[in-house]
Amino acid sequence: MSSSAWGLLALFLALLLLAAWPLGLWLSRISTGQLPSWMQRVESPLYRLAGTSKDSAMNWSQYALALLAFNTLGVLVVYLLQRWQAWLPLNPSDMAAVSPDSAFNTAISFVSNTNWQGYGGESTMSYFTQMLALAVQNFFSAATGIAVALALIRGFAAKSTGVIGNFWVDITRLTLWLLLPLSLVFALFLAGQGVVQNFGAYQEVNTLEATSYQTAKMGADGQALKDAQGNPVMEDQKTDKQTLAMGPVASQEAIKMIGTNGGGFFNANSAHPYENPNALTNFLQMLAIFLIPTALCFAFGREVGDLRQGWAVLAAMTLIFVVAVMAITPAEQAGNPLLTPLGVDQTSSALQSGGNMEGKEARFGINASTLFATITTAASCGAVNAMHDSFTPLGGMVPIVMMQLGEVVFGGVGSGLYGMLIFAILAVFIAGLMIGRTPEYLGKKIEVHEMKLTSIAILVTPILVLAGTAIAVMAGAGQAGIANPGAHGFSEILYALSSAANNNGSAFAGLSANTPFYNTLLGIVMWLGRFGVIVPVLAIAGALASKKRLPVTAGTMPTHGPLFVFLLIGTVLLVGLLNYVPALALGPVVEHLMLWPAA
């Protein structure tokens, strides 16, 4: 890595810690209800509307049922709004109703915090759908993930109570007092930097020079002319006009990043200048993605009464993240060896950036693009400022691996912490087997019941990824979406299923996934990947909340020092990654080896 890449990484981590520390304190207060009286007065009517109160608590099954009911209703609402958008207001470009399979996929995608998009936002969704369907779920899906993390923390902190909080109280407070204020401030900043925020119709403007394009040649009968093979006959056209999409973008962009949602208003996502105008907005968008996941680590330490526990989890996340950045950045800076025999100069100099700039924004360069790619796939965000499909094989493998680890390296808002705590439970269980003691974590015994639930939570996503990839590769409808047959085509499918099952949403966009087959398959995988993990996590929280909290003794294994940090990292890598080694060997590894014979 170059010195500039190291400097960017160091600055990012330093500012992240400075911003996340006070936010962690506020998250802890939200979790325990230590809020000013005026905030509690604002909340009260909402609790009465939901038929609950701030003082009532739920066991894990009640919490899970409330969560599932709320999110199922969200899927239905988002689906219907897409299907009816042609007749709804705020549709200045007269967007048609979204097709049933795409609406199904998108509804699950935004409710599950995945935000996978098989469509172009500016050409498919009306302003009304973007705001009332997609943006609202950006808030609720993020709040759902954080609520599950808080429930698990309460399970560790509780003393034989058997309750883990109230879902309706958690989602209300997290939306009102965390996500909305942060998004409002960030949206104002983005609008000030040039991110579009309006309700105007799309603008047709004059270009500096005529733009060439091709269109089908029409016959006298008004039908497209075709050649002997049945392909349309194309002819060159020129225009000096260009249509610029408008819309309420800044407000969408803020919660897209803060809630690790990732769904872009525009098809180009954060590579679009109307979503991400300059280097400053790019840097703060990266900070926004990791802000709440980092703050949750500090909140976790406060809640369990030992800040060192939060620092240990954060240290494990940070070490894996730094290694990933150290892998992806040099891979892209080295360039493509297939171009070397052709005499292409790929070295960095005062006149060129060097390396593999294919698919990357010249505004950001390789360092900011690779850092963004690692951040967005370490978190369950999916926002992109570069085309991951154009990365080198090893560079593209890093985002895949970051997702396949379960997105526990900071991870999504809430999902990253509860995912890492599941691995921590497994780590202390392994350690207990090694020394012949009943494993304990944070004063709670980890027994057979908890380990069965932990196994389910860990194995859900690998099963979905590998089984889904196998189905897509074998099915004719799955093969039809491959534009790049061979190892790279397999990587595209593997990436898509890894992204869907881990609720990320980014893509190797060479795969044509906006088809009934992929919309249905990925929709099912996204739902199971989200709630197939959440339910066993809540069950673990309930089981832990029912246990007594044991005092620390001389025989208790410390879970806050360097030894535990490396044990946790080893568990994440061994269990999280070994499931995928054969699949990675068939895709990115083979593709990388194919580059070198010609070098």
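**Surface, spaces and salt bridges in a predicted model**

Leucine 17 counts as partly exposed, because its relative accessibility is 35%, a value between the limits of 20% for buried and 50% for exposed. The structure described here is a predicted model. Leucine 17 lies in helix α1. Together with Trp21, Leu307 and Trp311, Leu17 makes a nonpolar surface patch. The area of this patch is about 350 Å². Two helices, α1 (3-32) and α10 (307-333), each supply at least two of its residues.

Threonine 129 gives another view of the fold. This residue lies in helix α6, which covers residues 127-157. Threonine 129 has a relative accessible area of 0%, so it is buried. What does threonine 129 contact, leaving aside its neighbours within four places in sequence? Its contacts are Leu81, Gln82, Gln85 and Leu134.

Empty space was examined next. Rolling a probe the size of a water molecule over the atoms shows where such space is left. The largest pocket has a volume of about 520 Å³. Its lining consists of 30 residues. Nearest the centre of this pocket lie Gln117, Asn267, Val384, Ala507 and Ala509. Helix α16 (residues 487-501) gives the most to the pocket lining, with three residues.

Cavities are also present. The search of the whole structure finds five of 30 Å³ or more. The volume of the largest cavity is about 310 Å³. A set of 24 residues lines this cavity. Gly406, Ala457, Thr461, Asn502 and Val533 lie nearest the cavity centre. Four helices each supply at least two lining residues: α13 (415-435), α14 (448-474), α17 (516-545) and α18 (562-578). The largest share of the cavity lining comes from α13, with five residues.

Charged pairs were then considered. The count comes to 10 salt bridges. One of them joins lysine 256 and glutamate 253. The closest N and O atoms of this pair are 3.1 Å apart. Both residues lie in helix α8 (residues 249-258). Lysine 256 and glutamate 253 are three residues apart, about one turn of the helix. Are these two partners buried or exposed? Lysine 256 is buried, because its relative accessible area is 0%. Glutamate 253 is buried too, because its relative accessible area is 1%. A network of salt bridges links Glu253, Lys256 and Glu275.

Glutamate 447 has 38% relative accessibility, so it counts as partly exposed. Lysine 547, at 14%, counts as buried.

Glutamate 450 is buried, because its relative accessible area is 3%.

Conventions
Residues are numbered from 1 along each chain as its sequence is written. This is a predicted model: local features need pLDDT of at least 70, side-chain atom pairs count only at pLDDT 80 or more; totals for chains, interfaces and linings use all residues. Side-chain values use heavy atoms; hydrogens and water are left out. Buried means under 20% relative accessible area, exposed over 50%, partly exposed in between (1.4 Å probe, protein chains only). Contact means heavy atoms within 4.5 Å. Patches are made of residues with over 30% relative accessible area and no salt bridge: like charges are joined within 9 Å, nonpolar side chains (Val, Leu, Ile, Met, Phe, Trp, Tyr) within 5 Å. Accessible areas come from the Shrake-Rupley method with a 1.4 Å probe; for residues, only the protein chains shown count as cover. A salt bridge is a side-chain nitrogen of Lys or Arg within 4 Å of a carboxyl oxygen of Asp or Glu. On a 1 Å grid over the protein atoms alone, a cavity is a set of points where a 1.4 Å probe fits but cannot get out, and a pocket is an open set with protein on both sides within 12 Å along at least five of seven lines; lining residues have an atom within 4 Å of a point. Grid points are joined across faces, edges and corners, and a volume is the space filled by probe spheres set on the points.
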